[in-house]
Amino acid sequence: MDISEKLQKQIIDAARDNQALQIIGNNTKAFYGRKDNDQSETRTLPLHVAEHSGILDYQPTELTVTARAGTPLSEIIGVLSEHQQMLPFEPPVFDGRATLGGCVASAMAGPRRPWTGAVRDYLIGTRILTGEGKEIRLGGKVMKNVAGYDLFRPMAGALGTLGLMLDITLKLLPLPEQEVSYCMDTDADSMQQILRDLRRRSMPVSGASYHNEQFLLRLSGSISSIDDATNYLPAEMKETAMDYWQELNEHRLSFFDDKRPLYRLVVPAASPYETISGECIADWGGALRWIKTSLQFEEVQQQTGELGGTASIYRNATVGEEVFSPLPAQLLDLHKRIKKVMDPAGILNPGRLYRDL
Amino acid sequence: MSTNQFLEQLAVILPAERLLVRQEDLAPYECDALTALREKPLAVAIPETEDEILKLLEACRQHSIAVVTRGAGTGLSGGARPVAGALLVSMMRFNRILEVDEDNLTALVEPGVRNLAISEAVADKGLYYAPDPSSQLACSIGGNVAENAGGVHCLKYGLTVHNIVGLKVITIDGHVHTLGNNTLESPGYDLTALMNGSEGMLAMITEIRVRLRVKPPIVRVILAAFDDIEQAGNAVSTIIKAGIVPAGLEMMDGDAIKAVEDFAHAGYPLDAQAILLCELDGLEAEVNAQIETVTALLNEQGATEVRTSRDDQERMRFWAGRKSAFPAVGRISPDYYVMDGTIPRAALGTVLKQIGTWSKEIGLSVANVFHAGDGNLHPLILYNGNIPGEVEKAEELGLRILKLSVELGGSITGEHGVGVEKLDAMCDQFNSDELALFHALKEAFDPHSLLNPGKAVPSLHRCAELGAMHVHNGKLPFPELDRF
């Protein structure tokens, strides 16, 4: 259903009344992002987008799909798989209810990310409502498009602070012909060595995770290329169940059953694991680390910075605290100016990324 | 503020050999590869350090002098064409490769480094930089970022934006910003993406972190000939539907084939109405299987001839024709005008038919080369600038083609950028709210419009005053603007 007009009216009214809005799809990511201190009902009004749903255009021969932001990911994934195609960035679906809009706004990408790319790499256009309720088309239906400023890719990861996405067009990839999972007991350095070797040989790696001194590997591709790859796997690697990757992506592994703040680090893949004390599951070949630790956020940030990466609090942060790595003052200032262009009254998800945005 | 005072200030910042003021020294900088549009700058500055740039910008701010940034000057839309009275800043002395990180598959380079030089520098590690615009021998990576350059491998490897991990930029206010880092994510808005394709309007780029890739073990090209261009287009669709993502998928029509064969002698069949070049890369067994599948599909779709490259030399020969399409056409026509629209591939037949009709009506020939994998079309309009009225005819035909691209759901520019060349066409692709938003964004970065002013985004009044504007369903575009 198309509820653009209703959404537009709500935004226009809110801008006029200086009423902050909280954009809500199916609320699967309510835990994510920064929370303002004042959570009372009078503070923010929900802007419900879930009704704005439906696949508008799917062209398998163009490798593109356009859908309304409220469309559940599971619906899109289902339709794509009927044509042997997929969302290249493997987003978590949160029991199937996660919406396309929330997926792009949070830019969450799964185990495949280092080998296929990020959400923003597959975003080719979006129709949005600005914080003034103006309907704006950014990008388009074709990938080769460099007309106008690229304001659509920055929508990925902006957590709704730059505009409300109504429709979204994505580039797709074919589903791999075959996927196999392996695991072996080893140390982190050996895992990196194995991955380097496979990479040098152009082997079809699509997942690499490290947990409890176990290296889990996923290969995805043509049957012949996976066949090829098995010649270069260490003898100790044993085939294992495929469901690990979904369990990891959807945070169903018992590691994630924890009320403590869950830290999310993005670092150079070969970074040592001992630097930050605590328990860790690594994904993205080591480039993404989930950490449970007794250290405070500031200390985690500092140590992650020393590794050349950044840290955020993914879940269970304290209300009011910043959850993402701070930006240098001048850069934050530039962010504020861009935000002001897109949302002059500052009503779209204020404070969800940073207190001042 | 006299320009003399400004130039005196510059003379303190830069030595004489890197500050050009004499008319004959300015001439090489008066245009980019869009040679029809020329303008001499006030002066040309060739900085070597970030500090020099900061001082230059300070002087420009003080004297309200505009800045036009230039890389190698190979751009096709006038993005580096000077604005009258502006300082042209050449970044070509920023030509160092600062860092190659084999582990993280990135390289930190300066904007004046040539595109191909990056791949050359990392070749011994079995790595390369993927985006390969036809001008890659000469074009600068900074220019590539400014235009979000493409090439023949975008279908599989993306545009420049998909291969840039971070940037160091300087905004007009003299602030240095580091965007992105050497990991897969960085906090805040994706300003790296915003900078790509911003055509020198938002900031000056001083460092670029590019993504490197592992060279595929095997690369093969299939050359297929067709009697009918629509058939060729359909063949492309069936290849994609079969779940194959070729590294490159290019098409040329009969006129382009003839021009190119005369020039490059690539061995293209002269009687073909269309040829398709399909490049496949990866592991040997996989590529061989794909060659089989693609060959079968091409034959099914009516290919009159299908050849597969047997070695790298033959592969280069197959490509030589396509890559020299522009100079080849330049040989058979006194002048030519390169268009750069993108259309949904399913509309290819429609567009080519329409171009054919208009070509006859206006009286100018058009040769077409086409990034078939991603719908980016390069109609080459042949004309003779010495004949009065032909330039205007070529522009008229060009604009019609761009409008048609937009009407069919595409874009006025797939990779060459808007610059000055496509300002009018921007009025077709974007409405007044959208253009106003772009202007507001520009203002947030550059409130006094000193960086490459007048480029990339037309003013609303320009759009309103356009004679070529047409009225849809009785509704006048931009109704809120006065007309004189």
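**Strands and a helix**

Reply: In this predicted model, A:Y58 stands opposite A:V65 in β4(A).

Me: What makes β3(A) and β4(A) a pair?

Reply: Two strands pair if at least two bridges join them. Strand β3 (residues 55-59) of chain A and β4(A) have four bridges, in the antiparallel sense. They therefore count as paired. They also form a hairpin, with four residues between them. In the turn, A:L63 has a positive phi of about 55°.

Me: How do you know that β4(A) pairs with β8(A)?

Reply: The cut-off is at least two bridges. Five bridges join β4(A) to strand β8 (residues 164-171) of chain A, so the two pair. They run antiparallel. A:A67 stands opposite A:I168 in β8(A).

Me: Why is β4(A) called mostly covered?

Reply: A residue is buried if 20 or more other C-beta atoms lie within 10 Å of its own. Five of the five residues of β4(A), residues 64-68, are buried, so the strand is called mostly covered. A:T64, A:T66 and A:R68 point one way, A:V65 and A:A67 the other way. In a regular strand the side chains alternate between the two faces of the sheet.

Me: How do you know that the span of α8(B) is close to the expected one?

Reply: Helix α8 (residues 229-241) of chain B has 13 residues. At 1.5 Å a residue, 18 Å is expected. The helix reaches 19 Å from its first C-alpha to its last, which is close.

Me: What do the buried residues of α8(B) pack against?

Reply: Among the partners are β12 (218-226), β13 (248-253) and α10 (284-300) of chain B. The buried residues include B:I229, B:A232 and B:I240. B:G243 follows α8(B), with a positive phi near 85°.

Notes:
Residues numbered from 1 in each chain as written. Chains lettered and ligands numbered in written order. Predicted model: local features only at pLDDT ≥ 70, side-chain atom pairs only at ≥ 80, totals over all residues. Expected span 1.5 Å × (residues − 1). Buried ≥ 20, exposed ≤ 12 C-beta atoms within 10 Å, placed from the backbone. Contact = placed C-beta atoms within 7 Å.
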